Amino acid sequence: MAAGNNPQPKFHDPLLSTPSSPRHGRRYRPKAPITVVTLILLVLVLQFIVLPRYVYQISPSEVKLSQFYLDRLEAGLQKCAEITTPPVRYRVTSAGSRINPRWNPFTGQNETVILRNVKLFDGETVLDKKVDIVFKKGIIESVDTAGKSVTFEGHAKVFDLEGKFVTPGLVDLHSHHLAFAWPLLRATDDTNEVNPEMGPVTPQVRIADSIKAYDFATTVIASGGVTTSLILPGSANIMGGEAVLVKNALRSGENSEEVVEEILLEHGIPVSQRRRFMKMACGENPRRVYRHTRMGNAWYFRKHMERAKELMGKQDAWCLQAEALKEVGNVAAISSFMESTSKDGGATDYLEYDSSIGMLRGKVGVNIHCYETEDFWDMIHHSKEFGFRIQAFHHALEAWKVPEMIKDSGDNITIATFAEFGLYKKEAYEANLWAGKILAEHGVPVAYKSDHVETETNAKYLLYQAATAHSFHLSEDLALQSVTSVPARSLQIDHRVGYVREGCDADLVVWDSHPLSIGATALNVFIDGKDVLDAKTTEGSLSKVASEGRHELKSPDMRPTVAADVKQRSCSAIEKTGAKIAITGIQRSYLEVGLGPTAKSGSLTMVVNHGTITCFDSEDQCASASAESTTISLKNGHVLPGLTTVSVSLGLMEISSDSSTGDGEIRKGSLNPNDTVYAKYGVHLDGKAFARARIGGVTRAVTAPLYQGFVGGVSTGIKTSGKKTILDGGIFQDEVALHFAIGQAAKSESLSTISSEISKLRRILSENAGKDNVYGKAADGAFPLVVHAQNEYDIMQLIKIKQELPVINLILLGGAGAPLVAKELAAANISVILTANRGAQDTFEKLNSLPGPPLSKSPAAVLEEAGVLFGLAITGDGDSHIHNLPLEASWAAKYAGLSSKEAVNLVSRNIEQILGLDIKEESRDFVVFEGDPLQFGASVVVAFDGQDGSVSLCWPESN
């Protein structure tokens, strides 16, 4: 039949009975004579009854053996049907079209819930009008215009949300929680099957066999609105094994027990009908683990897939032959066939290759850890060679370079990526903050995912990535889709999750503000219709939040940009030595000097001449001062002091995983003060992290030597503008502080216990007091002593040292456990540089730390209440997040009830005060933003160096 005449394929639903075959029309058939029929019957009786019983003498055992082979044949044919049946294609969800298979009457939702007056993002767009949402037994029953009469049976719990924002439960396309449970211990790391016997290709393993249905990270993740996650094996192997979908609700089964099956999204669905997913990896990870090149990795994969293809052919041949034998009904032939094929290893059930054959049959979705353009091309090439479809490239930080190549694959490949995390290895070095916008413009689906397991990838903050992408010009709808409907569609579960539609699972999140705004916090998280948050705890965690901060529904701004020619003209004019610059449209200033006597809030003008503010007042008041100046016109200008950060490795390591890209790392530090390492001797003052610092208004950074162990050396203060070198003012303070570490990460061969670390620190301070060396200066309080520590008991030991040696200027860096001893820190006058304001209980030493709202108060709120002087810094694998410093300050301020000025101080004046940096108000750096830098959507326009008055930044950019 010609292709154009093919009928449309019938919709397949395994839950419905198979339609009977159509009857053929009647037609004339000649009838055989009765004598012929009788003769045939006699032959059959002789063959199957008389001869076997009285001539051939078949024994009962042989009869049983024949029946055994018949049973095996039937089982094999059932397997054939199973392996060749395509994945279930679900109908478009509608009211009453389905039940929630996870629901049970014991612990499931048994009370109808109504959310009234909702501002809804439904998975596709933000609706113009408010709606009411009704759900029961874990299914959304109706979504209708607010105020319409709602009918329901029995009692209902009604929430009048007064216009609060509601979204679908977030869907995380890439997580490792439950397989690598918090706290992270060697005994519970079951994410990578790495051993010589298995090798780099392990598609036969399943992450479901590693799931720990007690991982409390699941509860933390759910508190961030993430209701569904794809749990993947790690990325050590070329083929890492099968992934599995979960709902982030622990103990949700009938008996509230820690049962793995009951946390699975497809619990209640027959195993044969569940979605299947393969995790693969290319590039650096398998290359490093197995010491192969990309060529070797490709060969191992192709060799495996060729064998899988061969076995699939054998499966198909077996199935066809078995079906033919069944139709003929020759018992002897069936027995012979089954006996011969059993010696071939069981062609219907090649367990080791089952997943790979499933890929070839389209039954297993393929998700590939892949970063670089050459690896995308290679994997697309392999997919065409063997005929499997790639669902998503994960991480994919160079996808923005080749969107058309990815689109041209024809497979609608999703890019599951990070919004900002990058620079941590060569593969991640080309990360682009604008990648989401670029990919979307080319029609490539974009999803943001967590890669959850550590603080930096804590899936609780998945939504923050969508918000970041929106600020870099991914539209509001696409940003919200990137963590809801896009990953759901990629995983082919969009009939259940990722949308708020009638018939979908009742997974919904109520937010305290616009979900793309800074610090947006979940107030209610419904999973299968049940709220997994405690209302009293949630309210207490947000007790310091100003009421106006809870109900901001306006979509946050995107970062202002400037045309290249306008930037070139403007920057050329203002960067001239001695230029006079007038900046209009300034709405807010956080400087403590410069404002004129008549200046009020509103549109102000700042005039800068030779780097000095000569007028900062109304436009009329500054008219004469601004004569013959270059004018920069702003709409929502904000002026901040240049921000100061304590960096991870800025200036000392460009790619954190490759020591050849920087100064290196101290591995065996000497305790002799004469051997102390000074960061000032190793800094380089440019790189991609510097570019990110500049777009965040960070003009100065304090960087300590990189070290493993107890001894850290002396930090230095550097400028980030990229216009200075170490010879002409790029180092603003040679020596800032002496650094040590206490805790698990500080253990070494010579100091193998924490108690020995504490003892050594005590000895260093007591034995060097009064001496003219760096240890002596620290012991005498003349030089700051910064100790990196996380655990509350380790911090208590530091408090005791300060109590015994009150003269020392002891500063705590890190401080996950600091809120637990906040009053004691305040009493001991110990300042804190907090890197754990959005921390995680990911290690054993941080087990008791605060997860933050909505599960607890924030660390910043507790420290503020206790009167501890603290500032903020951002930790991580390098400094790729450094541009978010003002946003982190705003987030901390929201939870702690701080003013905007106090928020700015957390990342400027407080850090300077804590470290004793000699920065005077009248000669500090200052930065002018278009937009409010304490919210998403602000860009640096110009910055001035406080030491020489030069323009240090002009519309800085970072990819």
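Entry 1: I started at F421, which counts as buried because its relative accessibility is 9%; buried means under 20% relative accessible area, exposed over 50% and partly exposed in between, with a 1.4 Å probe and protein chains only. F418 is buried too, at 5% relative accessibility.

**Entry 2: ground rules.** The model is predicted, so I kept to its limits: local features need pLDDT of at least 70, side-chain atom pairs count only at pLDDT 80 or more, and totals for chains, interfaces and linings use all residues. Residues are numbered from 1 along each chain as its sequence is written, and side-chain values use heavy atoms, with hydrogens and water left out.

**Entry 3: confidence.** I looked up pLDDT, the predictor's confidence in each residue from 0 to 100. The chain averages 92, and 93% of the residues score at least 70. Residues 1-32 have a pLDDT below 50, and this stretch has 13 contacts in the model beyond near neighbours in sequence; a contact means heavy atoms within 4.5 Å.

**Entry 4: aromatic pairs.** I searched the whole structure and found 19 aromatic pairs. Rings of Phe, Tyr and Trp (its six-membered ring) pair if their centres lie within 6.5 Å; planes under 30 degrees apart count as stacked, over 60 as edge-to-face and the rest as tilted. F418 and F421 are edge-to-face, because their planes stand at 65 degrees, with the ring centres 5.1 Å apart. The pair of F710 and F740 is tilted, because the planes are at 40 degrees; the centres are 5.0 Å apart. F710 lies in the loop between β22 (698-703) and β23 (711-714) and F740 in strand β26 (residues 738-741), so I noted a link between distant parts of the chain, 30 residues apart. Both F710 and F740 are buried.

**Entry 5: around F418.** I found F418 and F421 in one aromatic cluster with Y371 and Y424. The charged end of K449 sits over the ring of F418, 3.3 Å from its centre; this requires NZ of Lys or CZ of Arg within 6 Å of the ring centre and within 35 degrees of the ring normal.

**Entry 6: helix α18.** Helices (H or I, at least four residues) and strands (E, at least two) are DSSP runs, numbered from the N terminus. In α18 I noted I754, E757, I758, L761, I764, L765 and N768 as buried. Seen down the axis, the buried residues of α18 fall within an arc of 130 degrees, so they line one face of the helix; the arc is that of the directions from the helix axis to the C-beta atoms. They pack against β26, α19 (774-779), β27 (785-789) and α20 (792-804).
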